[in-house]
Amino acid sequence: MKFTEYEYKRPNIKTFEEQFNQLLNDFIKAKNYKEQDELMSKINTLRNEFESMEQIAYIRHTINTEDKVYEEEQKYFDENGPIYEGLVAKYYAALVDSKYKDDLKEKWGEQLFRIAKLKVKSFSQEIIEDLKLENKLMSEYTKLLSSAKIPFEGEARTIPQLRPFQMSHDQDIRKRANEAKYNFFKENEEKFDEIYDKLVKVRTRMAQKLGYENFVELGYARMLRTDYNKDMVGNLRKQVKEYIVPLATKLREKQSCRLNLDQLKYYDEILTFLDGNAKPKGDAKEILEAGKKMYEGLSNETKVFFEYMMENQLMDVLSKGGKSPGGYCTYIAKYKAPFIFSNFNGTADDIDVLTHEAGHAFQVYESKEFEIPEYNFPTLEACEIHSMSMEFFTYPWMDLFFDEVNKYKFGHLSEAFLFIPYGVVVDEFQHYVYENPNVTPKERKCKWREIEKKYLTYRDYDGNEFLENGGYWYQQGHIFKNPFYYIDYVLAEICAFQFFKKSIDDFDGAWKDYLKLCKVGGSKSFLELVDFSNLDSPFEDGSIKSVAEGIEKYLDHISIK
């Protein structure tokens, strides 16, 4: 069945509540393990129906934020999602308190109960109105970002549509395109500040109602981090500063030389080569056809998966007016169907997003037979291992997309590496924000700039006042919508680099470990999954140093002058 044929029917929250509470009461009163297990299945069927309708509405809304029908449906879920979360929290509490917990653990594994425990600590009826407000503010941010109609070169353009100009080999065009983009943020500075300030306040309020000192602890609980804490993450940032920042700075210096520049400016960073970055061959349709060939060649599992995605139109990749920026993969449990959303723009980003989001989609496709929703996707830092590693596993097929394959690989790998310092900037900023929730928007921006200078030692904003004052982060949706998510990309990238290194030495062996990882979905915690797939923990002393040295060696090997 094609995605356009998926039936959407708004769930009646009152009816859903009655049905859920009845099943939950039966679960609590159950006289044996078997009865509870059967009721779990019924509860999860009900959950999957609600969440599937929510995802269909979200996808259709983000495809066209100007569609009034799905704008209203998104508002409905923003309003009623917290009620749903409250019901599921009661279910988690019942799981944790179950008399037959040991039998249930034996069947479903420990991870479900770790998740349940953290979910219970992350919710109470007292914060439902706050959660509704949080949802509303996040939707306001999405709408504000999607509203961008930036005049450039005679046309009004969205943020994704500016991207090719930002990557132009003409420095003047790059500079003007970036200035046009950040002028949009400057013009809306007060609105972005207001939305974020309200988000910080409401999240802090929820944390205090739940008995936390601040939102940092609640944020970690909401991210379902069961086997690492903020101190371990803080130590990881120190290792990044020690081992990755020096190499990142060196890479930027080499880039400046390649571009014949005295000083690399912020609008030059995106350009890896003087004659332009590698560009993909063909339009969106041809790229998807090339993707089909690639996944046919990679493995039988990826062949079956990608044909399913193509045949059922489970991808929306073209950038167009009214469409939300960015890319994501989600899952519609009722149909056991992943969905890929992106904004192709004629640059190498199109290939990156195709392989990245397909990594997410392939993982959930491989683990779709898990009966409990908690195991369809793993926790988010583990999710990103699948997506980022897929980018590297597809390297042998890049000739299907590019004439200048080595140029693409060098650009892609160096950007992946250069991302890590930026990822810890975002993370350290969020720790500061939620540990100091009452600072002013101006103080927040000053802190952002201070942290940037610590990790992005090479960055030169060329006198752009808005960016010098610390406004770069407005465009980072995760800061607004997914607090504390961003370090997950860093953790996953370090794991993905390990898969990449293994694939060079033993491709089949590396793929076997990756496929094994995909099939277990979310049935294990992050560090358990890392160990299960024969990777080193990113928190281990020496793992980041080893990764940095390996990537430097490979980049030196493929470097193009």
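The lining of the largest pocket divides by class into six nonpolar, five polar and five charged residues. This is a predicted model.

**The largest pocket**

The largest pocket holds about 380 Å³ of space. Its lining counts 16 residues. Nearest the centre lie Phe 497, Lys 501, Lys 502, Asp 505 and Gly 550. Which elements each supply at least two residues of this lining? They are α20 and α23, the latter covering residues 543-558. The largest share comes from α23, with eight residues.

**Helix α20**

Is α20 largely enclosed or largely open? Of its 19 residues, 15 are buried, so the rest of the structure largely encloses this helix.

**Aromatic pairs**

Rings come next. A pair of aromatic rings is described by the distance of the centres and the angle of the planes. Across the whole structure, a search finds 73 aromatic pairs. Among them is the pair of Tyr 308 and Tyr 365, which is tilted. The ring centres of Tyr 308 and Tyr 365 are 5.3 Å apart, with 40° between the planes. Tyr 308 belongs to helix α13 (residues 300-311) and Tyr 365 to helix α14 (residues 349-366). The pair therefore ties together parts that are 57 residues apart in sequence. Tyr 308 and Tyr 365 are both buried.

The centres of the Tyr 395 and Phe 500 rings are 5.5 Å apart. Why does this pair count as edge-to-face? The planes stand at 70°, and the cut-off for that class is over 60 degrees. Phe 500 lies in helix α20, while Tyr 395 sits in the loop between α15 (380-393) and α16. So this pair ties together parts that are 105 residues apart in sequence. Tyr 395 is buried, and Phe 500 is buried too.

**Charges over rings**

| Charged residue | Ring | Distance to ring centre |
|---|---|---|
| Arg 60 | Phe 3 | 4.9 Å |
| Lys 105 | Phe 113 | 5.7 Å |

Arg 60 lies over the face of Phe 3. With Lys 105, the charged end sits over the ring of Phe 113.

Rolling a probe the size of a water molecule over the atoms shows where empty space is left. How many cavities of 30 Å³ or more does the structure hold? There are three. The second largest cavity has a volume of about 50 Å³. It is lined by Leu 251, Arg 252, Gln 255, Arg 258, Thr 272, Phe 410, Ser 414, Glu 415 and Leu 418. Two elements give two or more residues to this lining: α11 (230-258) and α16 (405-435). By class, the lining of the second largest cavity has three nonpolar, three polar and three charged residues.

**Loops and backbone**

Most residues other than glycine have a negative phi, and most peptide bonds are trans. Leu 224 is not a glycine, yet its phi is positive, about 60°. Leu 224 is placed in the loop between α10 (215-222) and α11. Its relative accessible area is 15%, so Leu 224 is buried.

Asn 260 also has a positive phi, near 60°. It lies in the loop between α11 and α12 (284-298). Is Asn 260 buried or exposed? At 61% relative accessibility, Asn 260 counts as exposed.

Tyr 266 is likewise in the loop between α11 and α12. Here the relative accessibility is 9%, so Tyr 266 counts as buried. Tyr 266 and Lys 175 are 91 residues apart along the chain, and their C-alpha atoms are separated by 8.7 Å.

Asp 170 sits in the loop between α7 (159-166) and α8 (171-187). With a relative accessible area of 33%, it is partly exposed. Asp 170 and Ala 337 are 167 residues apart in sequence. In space, 42 Å lies between them, C-alpha to C-alpha.

Definitions and conventions: Residues are numbered from 1 along each chain as its sequence is written. This is a predicted model: local features need pLDDT of at least 70, side-chain atom pairs count only at pLDDT 80 or more; totals for chains, interfaces and linings use all residues. Side-chain values use heavy atoms; hydrogens and water are left out. On a 1 Å grid over the protein atoms alone, a cavity is a set of points where a 1.4 Å probe fits but cannot get out, and a pocket is an open set with protein on both sides within 12 Å along at least five of seven lines; lining residues have an atom within 4 Å of a point. Grid points are joined across faces, edges and corners, and a volume is the space filled by probe spheres set on the points. Helices (H or I, at least four residues) and strands (E, at least two) are DSSP runs, numbered from the N terminus. Ala, Val, Leu, Ile, Met, Phe, Trp, Tyr, Cys and Pro count as nonpolar, Asp, Glu, Lys and Arg as charged, and the others, Gly among them, as polar. Buried means under 20% relative accessible area, exposed over 50%, partly exposed in between (1.4 Å probe, protein chains only). Rings of Phe, Tyr and Trp (its six-membered ring) pair if their centres lie within 6.5 Å; planes under 30 degrees apart count as stacked, over 60 as edge-to-face and the rest as tilted. A charge sits over a ring if NZ of Lys or CZ of Arg is within 6 Å of the ring centre and within 35 degrees of the ring normal.
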